[in-house]
Amino acid sequence: MSPRFQLTDLRVPVIQAPMAGTATPHLAAEVSLAGGLGSLGLGAANAAQAAAMMAETRARLGSDRYGVNLFCHRPAQADAAREKAWLDYLAPEFRRAGAEPPARITEVYRSFVADDDMLRAVLAARPALVSFHFGLPPAGHIAALRDMGTALAATATSRAEALAIRGAGLDLIVAQGHEAGGHRGIFDPDGPDECLPTAALLAELLDLGLPVIAAGGIMDGADAARHLAAGAAAVQMGTAFVACPESAANEAYRSRLAAAQPGDAVMTRAISGRPARGLANRLTALGEAPEAPPLPDYPITYDAAKRLHAAAGGSDYAAQWAGTQAPRARPMPAADLLALLGREICLHLPGLGACQDGR
């Protein structure tokens, strides 16, 4: 069965990155209505919350023309000694915020590989695109999603991961360069990582026979046109949309993004337990300190960060995900940003089909 959604359906070849916790139904709907593809990150939601988000997005859109993203990490392995050591290390930070550290931390997000309730919720909602991050789900999950006609994609940070995506029968590869904000989609966070930039990774994947979506460090139409000219079928942009009023970013996040300087977005494991790029703060510095103990598994580490941030507020311990080009974010409504991106892409790449046929 051919997928109901094709990248060629887009009037503007831009996918709004799913950004779990930051992308909202309002943002996703506005992007899709403006000619791109809006997306929801479901990795931080349970099945009931995901169903509500998808229902709201469909109601705003009047169609299923949006994407969802699912986390396919290895379920966390609890290690009481390691978790206690991390909480002991953070105890002064909790007390600095006027709180006591929790007695224990747990796996706050359930992996899609072990979440049949989430599978049923997505099958019922029938979004146009389903993408996977941190790896691939079981073959049965893929088959069920394929049978409903959705397009399927997954994040690759290397050629080996892209080959696995092709081997699993998916339709699209998201090439996530090292510049990208948020969680790195690497399948094995403890394995080797070439840290390839977006352009280099894209070039490595173009011969695999699947459309490739370039992601990482893309902030305007000139950036997008460069990757499209190099062979990308579309681009995925996240940090550029955080500044939109429709995102869930709070005022502290928006203020830090507006004040970001080159080099402020660092790759860290200290917030969640997996590599992720965000704006540097007190917690990222603590994670880099020589005396920092080994981290608990993802997402158990995330539980500690969330509790510390809840106690302290502000930005010292917050997950303010952003890519290396964060200083170039342009705050404006999502529909205006999509229209601007479309004009900029056509200015730099007038031969693009969408520019020639007026879509």
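This passage looks at one helix and then at some backbone details in a predicted model.

Helix H10 runs over residues 251–258, and its buried residues are Tyr253, Arg254 and Leu257. These three cover an arc of only 95° around the axis, so they end up on the same side of H10. As for what sits against them, the buried residues of H10 pack against helix H9 (239–242) and strand E11 (276–279). The N-terminal end of H10 has a cap as well, and Asn250 provides it. Here, a side-chain oxygen of Asn250 lies 3.3 Å from the backbone nitrogen of Ala252.

Now for the backbone. Most residues other than glycine have a negative phi, and most peptide bonds are trans. With a relative accessible area of 18%, Met19 falls under the 20% cut-off, so it counts as buried.

Cys195 is another non-glycine residue with a positive phi, in this case about 55°. The loop holding Cys195 lies between strand E7 (182–183) and helix H7 (198–205). Cys195 is partly exposed, at a relative accessible area of 34%.

Finally, there is a cis peptide bond, going from Tyr298 to Pro299, with omega near -5°. Pro299 is found in the loop between helix H11 (282–288) and helix H12 (300–312).

Note on methods:
Residues numbered from 1 in each chain as written. Predicted model: local features only at pLDDT ≥ 70, side-chain atom pairs only at ≥ 80, totals over all residues. Heavy atoms only, no water. Buried < 20%, exposed > 50% of the residue type's maximum accessible area, 1.4 Å probe, protein only. Helix = DSSP H or I, 4+ residues; strand = E, 2+ residues; numbered from the N terminus. Arc of directions from axis to C-beta. Contact = heavy atoms within 4.5 Å. Polar contact = N/O pair within 3.5 Å; in protein donor to acceptor, adjacent residues only side chain to side chain.
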